[in-house]
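The tour goes from one selection to the next.

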Amino acid sequence: MTKKKARALVLFSGGLDSTLAVKVLEKQNIEVVALSFVSYFFDDTKAKISAEKNNLNLRSVNFADMHCEVVKNPKRGYGKAMNPCIDCHLLMIREAGKIMREEGFDFVATGEILGQRPMSQNLNALNLIAKESGLEGRLLRPLSAKLLEETEVEKQGLVDREQLLDISGRSRQRQFELVKELNVEYYPSPGGGCMLTEIEFGKKLKKLLQTIKKPTASDFALLQVGRIFWAGDTRILVGRNSEENEKLKKIKEENDVLVELQDFMGPITLVRGIVTDEILAEAKKITASYSKHTKEMDYKKLNFKII
Ligand code: SF4
């Protein structure tokens, strides 16, 4: 009788480690679906490119609202910025676990490496995630597996532990060697985490969460464009280049106001919230001050388009 092919879901960012995790399993003839998550703070662009170039079977899951709750109130706190890495990762693994059970996959795997990230990839964090995700025994880290306790899937022979790896730490030397050994066709240059790990973005997000009770998808999108000024609960956003000006126009909602210089080239400014005469004057002043043609001029003497 032919042995049943094991099926795995692998959390997939498109980066080198998750690509290697897929390849290590595929080498054992395991059927792999790479799983990428989409939120208000990261998307699946990198995963799509990498999956296509490496010929992987990719599925994207939008978990933006659930993820947003974790960002607002992470049980295990934030990293250096507003990055709730442990809870974010835990949520991804839990969601992968749901799909695993519903669709009859045998286990979930990740590209995590023991000791690579101080907050989310130390031994305690890896064990905690395995336990709290409800996937203990069904959660495999192929790149560090030999340094970790044997999982159920290894014990059952669904995966050959001998062919798994024992990588740890921050050096990427072993991964670069594996690129050749496992015929990885493409991987993006290693980057940091998502935008939640950026200190400046974290400050803007914190202010938004403190000020706006129920921020919407559009509020989060707005946070990623332009310079932001607050006037009470009202936001004034100024585009920093033509691309951002276009984005602001697209994000504009019915009650938002756009301010633009009428007779000179300059930025687009979007105002969201209560727009009093004083706030509109402030928006005009800011708009004029960010145009090289009018920055020295008295904004009160300039004409503006208000849309
Ligand atoms: S870097 Fe961003 S996507 Fe990655 S675990 Fe942290 S919060 Fe989540």
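Helices (H or I, at least four residues) and strands (E, at least two) are DSSP runs, numbered from the N terminus. Axes are lines fitted to C-alpha atoms, for helices over the stretch in contact, and angles run from 0 to 180 degrees between N-to-C directions. This is a predicted model, in which local features need pLDDT of at least 70, side-chain atom pairs count only at pLDDT 80 or more, and totals for chains, interfaces and linings use all residues. Residues are numbered from 1 along each chain as its sequence is written, and side-chain values use heavy atoms, with hydrogens and water left out.

**The whole chain.** Select the protein chain. It has eleven helices and ten strands, and its C-alpha trace spans about 85 × 35 × 35 Å along the principal axes. Of its 307 residues, 49% are buried (under 20% relative accessible area; exposed is over 50%, partly exposed in between, with a 1.4 Å probe and protein chains only).

**H4 and H5.** Select residues 85-103, helix H4, and residues 123-132, helix H5. Their axes come within 9 Å and cross at roughly 40 degrees. H4 and H5 are therefore oblique to each other (under 35 degrees counts as roughly parallel, over 145 as roughly antiparallel, 65 to 115 as roughly perpendicular, and the rest as oblique). Now show side chains. Ile86, His89, Leu90, Ile93 and Arg94 in H4 meet Ala125, Leu128, Ile129 and Glu132 in H5, where contact means heavy atoms within 4.5 Å.

**H1 and H7.** Next select helix H1, residues 16-26, and helix H7, residues 173-181. The axes of this pair come within 11 Å, crossing at roughly 50 degrees, which makes H1 oblique to H7. The crossing of H1 and H7 is left-handed. On the H1 side, look at Leu16, Asp17 and Leu20; they meet Gln175, Phe176, Leu178 and Val179 in H7.

**Val275.** Where does Val275 lie? Select the loop between strand S9 (268-272) and helix H11 (277-289), and Val275 is there. Val275 counts as partly exposed because its relative accessibility is 31%. Leaving aside neighbours within four places in sequence, Val275 is in contact with Val257 and Leu280. Finally, select Asn255: it is 20 residues from Val275 in sequence and 9.4 Å away in space, C-alpha to C-alpha.

Technical notes
A crossing is left-handed if the near helix is turned anticlockwise from the far one by less than a right angle, and right-handed if clockwise.
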